[in-house]
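Me: I have a structure open and a few questions about it. Can we go through them one at a time?
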Amino acid sequence: EGGITPTIPADARVVRVFSSDSAFAALLNDGSLVCWGNQNNGGECNRNPAVKDKVKSGVRFVAATAFAMVAVKEDGTAAVWGDKHFGADITAVRDDLSGIISIESGYRQFAALCSGGRVVQWSGCDPTWSEASCKAHNAGVVVMSGAIQISVAMVGGAALLASGEVVSWYSSPPSSDKDRLGPGSGIVEIF
């Protein structure tokens, strides 16, 4: 349903392919992106007026939730498209999404590791939830600073800090010591 067939220029080479649940994005050797599949779930990047010019060049990598995608550009900015209920709405974090180094994704959420070790998290919200629940869930937060690596699960995430501490969260900022593994624990990488 809603499928889009890709058009890849004859002189282009596919460097990497990314996918959501029902759409694909091919990163080409010239830094452009070609998307196809379900147009409501990430397959429409080349036809979406808000995104198509942003993915014509300078794309470094793509991350995807179940039904949304985000392209990180060489200048550290992001272009997001797909289903707003799965993270395609960055309204709450637009001003915080700069200097992006990497992005991780879960079922409905994205988290970006940005310059200075900032971690910015945003997500979609189930359409059956109340407006208040959606607002609280998708407030978009700067989770912390000092991170050197992030990992995202289905509805939460974790960050390895430069101090060696690991901080985890569940769709909102960490709120107590139980969300932390102290420095000196020997952790060098998280998955």
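Me: Where does Ala66 lie?
Reply: Ala66 is in the loop between β5 (59–64) and β6 (68–73). Strands here are DSSP runs of E with at least two residues, helices are runs of H or I with at least four, and both are numbered from the N terminus. This is a predicted model, where local features need pLDDT of at least 70 and side-chain atom pairs count only at pLDDT 80 or more, while totals for chains, interfaces and linings use all residues. Residues are numbered from 1 along each chain as its sequence is written, and side-chain values use heavy atoms, with hydrogens and water left out.

Me: Is Ala66 buried or exposed?
Reply: Ala66 is buried, at a relative accessible area of 12%. Buried means under 20% relative accessible area, exposed means over 50%, and partly exposed is in between (1.4 Å probe, protein chains only).

Me: What is Ala66 in contact with, leaving aside its neighbours within four places in sequence?
Reply: Ser20, Asp21, Ser22, Phe86, Gly106 and Tyr107. Contact means heavy atoms within 4.5 Å.

Me: And how far apart are Ala66 and Ala23?
Reply: They are 9.3 Å apart in space, C-alpha to C-alpha, and 43 residues apart in sequence.

Me: Changing topic, how many disulfides does a search of the whole structure find?
Reply: One. Cys35 and Cys45 form it, with their sulfur atoms 2.1 Å apart; the cut-off for a disulfide is a pair of cysteine sulfur atoms within 2.5 Å.

Me: What about Cys114, buried or exposed?
Reply: Cys114 is buried, and its relative accessible area is 0%.

Me: Now β12. How many of its residues are buried?
Reply: Five of the six residues in β12 (residues 147–152) are buried, so the strand is mostly covered.

Me: Which strand is β12 joined to?
Reply: β12 is joined by five bridges to β13 (residues 157–161), and the two run antiparallel. Strands count as paired if DSSP finds at least two bridges between them. A hairpin of four residues connects β12 to β13, and Ala147 stands opposite Leu161 in β13.

Me: Last one, how many helices and strands are in the protein chain?
Reply: One helix and 15 strands. Of the 191 residues in the chain, 50% are buried.
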